[in-house]
Amino acid sequence: LQKNRRRLQKNLRRLQKNLRRLQKNRRRLQKNRRLLQKNRRRLQKNRRRLQKNRRLLQKNRRRLQKNRRQRQKNRRLRQKNLRRLQKKRLQFQNNRRQLQKKRLQFQNNRRQLQKNQPQPQKNQLQLQKNQLQLQKNQLRLQKNQLQLQKNQLQLQKNQLQHQLALHLPRLQPMLHLPYEHLSAQNSIPQET
């Protein structure tokens, strides 16, 4: 009987020990489940954040390519305008030389007219003709000067548009644009 009682007590202690171990394992299992759920939520959140960052990166790349193409286009336009202005300047210089040549011709004709004084009527007609030609040449010179001023104004306008395109990324924070847009614009390298 005592032996059975001791065996029973031993079995009770073993059972209590196993119960405590089981409770401990249950708590550990619950804790691990909570940690697993927390890690799953964190993983989903990180995945969403990664997708969002990828989309922003693609958007910034497209914006950067667009800005690069715009700078190249502006550079080509500047070069084209410079070539056009040089061509107009050469044309203006040629017109000025022609006008000087016509003036010299007119002076020579006037001297020739003075030399040929005995023919007053013919010389008078030639003088009027030369004066008309001089007026015509002066009008052409004025027209060329106005065209040159117009071309210079067009060049200034193009330069201002180019400067605006260059400084636009720094002006955009004052336009209350979204944060992603501003960060993308500020990350673009500026031309000096």
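The buried residues of H1 are Arg63, Asn67, Arg71, Asn74, Asn81, Leu85, Phe92, Asn95, Leu99, Phe106 and Leu113. They are read from a predicted model, in which buried residues make up 16% of the 192 residues in the chain. The secondary structure comes to three helices and zero strands, and the order along the sequence is α-α-α.

**Helix H1**
- Helix H1 covers residues 2-115, and with its 114 residues it reaches 166 Å from the first C-alpha to the last, which is close to the 170 Å expected at 1.5 Å a residue.

**Arg71, a buried position**
- Arg71 lies in helix H1 and has a relative accessible area of 17%, so it counts as buried, the cut-off being under 20%.
- The C-alpha atom of Arg71 is separated by 7.9 Å from that of Ala165, although the two residues are 94 residues apart along the chain.

**The nonpolar patch**
- On the surface, a nonpolar patch is formed by Leu8, Leu12, Leu15, Leu19 and Leu22, which together have about 460 Å² of accessible area.
- Leu19, one of the residues of this patch, belongs to helix H1 and counts as partly exposed because its relative accessibility is 44%, a value in between the 20% cut-off for buried and the 50% cut-off for exposed.

**The patch of positive charge**
- Lys3, Arg6, Arg7, Lys10, Arg13 and Arg14 gather on the surface in a patch of positive charge.
- Arg6, which is among the members of that patch, is likewise found in helix H1, and its relative accessibility of 51% means that it counts as exposed, since the class begins over 50%.

Note on methods: Residues are numbered from 1 along each chain as its sequence is written. This is a predicted model: local features need pLDDT of at least 70, side-chain atom pairs count only at pLDDT 80 or more; totals for chains, interfaces and linings use all residues. Side-chain values use heavy atoms; hydrogens and water are left out. Helices (H or I, at least four residues) and strands (E, at least two) are DSSP runs, numbered from the N terminus. Buried means under 20% relative accessible area, exposed over 50%, partly exposed in between (1.4 Å probe, protein chains only). Patches are made of residues with over 30% relative accessible area and no salt bridge: like charges are joined within 9 Å, nonpolar side chains (Val, Leu, Ile, Met, Phe, Trp, Tyr) within 5 Å. Accessible areas come from the Shrake-Rupley method with a 1.4 Å probe; for residues, only the protein chains shown count as cover. A salt bridge is a side-chain nitrogen of Lys or Arg within 4 Å of a carboxyl oxygen of Asp or Glu. Lys and Arg count as positive and Asp and Glu as negative; His and the chain ends are not counted. The place of a charge is taken as NZ of Lys, CZ of Arg, CG of Asp or CD of Glu. The expected span of a helix is 1.5 Å times one less than its number of residues.
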